[in-house]
Amino acid sequence: MYRVHALVLAAACLALPTTEAHAFGDQCYRDVRAQGSVQNTMGRARNAAIGAWENAAQKRHGSRFADWYYSGDRTIDCSWDTSGTRIVCKATALPCGRKR
């Protein structure tokens, strides 16, 4: 029974418009990607990427859509810089905001 509901939900999500997505009463936009500054620790690198993402989402869609923890499909990819001593992360997510 739960698998059927999951399949129906997945099919409904695939049918969403590409410029805006509507789920659970929220308004979401296409992925925003941002790279944080190079840092000495993984935690700082992740935080820098989240901050960069929130700035980019705010510039593109406004402050209502700039909350990383309220966004959808969040991913953070991190790697070593060219020297191999510091870390840089890239954040990607769907900026979402509650409908007014």
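**View 1. Confidence along the protein chain of the predicted model.** In this predicted model, confidence in the protein chain is lowest in helix α1 (residues 2-14), where the mean pLDDT is 38, and highest in β3, where the mean is 98. Over residues 1-23 the pLDDT is below 50, and this stretch has 14 contacts in the model beyond near neighbours in sequence. The protein chain as a whole averages a pLDDT of 80, with 74% of the residues scoring at least 70.

**View 2. The open sheet of three strands, with the order β3-β5-β4.** The pairing in this open sheet is antiparallel, and because β3 and β4 stand at the edges, each with a single partner strand, one side of each is left without a neighbour in the sheet. From one strand to the next, the twist averages 15 degrees. Helix α2 (residues 42-61) packs on the sheet and touches β3, β4 and β5, its direction making about 40 degrees with that of β5. Strand β5 (residues 87-94) has six of its eight residues buried, so this strand is largely enclosed by the rest of the structure.

**View 3. Pairing of β5 with strand β3 and with strand β4.** Strand β3 (residues 32-35) is joined to β5 by four bridges, the two strands running antiparallel, and within this pairing Gln35 stands opposite Lys90 of β5. Strand β4 (residues 72-80) also runs antiparallel to β5, and here seven bridges join the strands. Gly72 has Leu94 as its bridge partner in β5, whereas the partner of Trp80 in β5 is Ile87. The hairpin formed by β4 and β5 has six residues between the strands, and in this hairpin Gly84 takes a positive phi near 80 degrees.

**View 4. The disulfide that joins Cys78 to Cys89.** The sulfur atoms of Cys78 and Cys89 are 2.0 Å apart in this disulfide, and the torsion about the S-S bond is about 105 degrees, so the link is right-handed. Cys78 lies in strand β4 and Cys89 in strand β5, so the pair ties together parts that are eleven residues apart in sequence. With a relative accessibility of 30%, Cys78 counts as partly exposed, while Cys89, at 0% relative accessibility, counts as buried.

**View 5. The disulfide that joins Cys28 to Cys96.** In this link, too, the S to S distance is 2.0 Å, and with 110 degrees about the S-S bond the disulfide of Cys28 and Cys96 is right-handed. Cys28 belongs to strand β2 (residues 26-29) and Cys96 to strand β6 (residues 96-98), so the bonded pair ties together parts that are 68 residues apart in sequence. Cys28, at 8% relative accessibility, counts as buried, and Cys96 is likewise buried, its relative accessible area being 6%.

**View 6. The two disulfides in the context of the whole structure.** A search of the whole structure finds two disulfides, and when the bonded cysteines are counted along the chain, the disulfides of the protein chain follow the pattern 1-4, 2-3. One of these links joins Cys28 to Cys96, and another joins Cys78 to Cys89.

Conventions: Residues are numbered from 1 along each chain as its sequence is written. This is a predicted model: local features need pLDDT of at least 70, side-chain atom pairs count only at pLDDT 80 or more; totals for chains, interfaces and linings use all residues. Side-chain values use heavy atoms; hydrogens and water are left out. Buried means under 20% relative accessible area, exposed over 50%, partly exposed in between (1.4 Å probe, protein chains only). Two strands pair if DSSP finds at least two bridges between them. A disulfide is a pair of cysteine sulfur atoms within 2.5 Å. pLDDT is the predictor's confidence in each residue, from 0 to 100. Contact means heavy atoms within 4.5 Å. Axes are lines fitted to C-alpha atoms, for helices over the stretch in contact, and angles run from 0 to 180 degrees between N-to-C directions.
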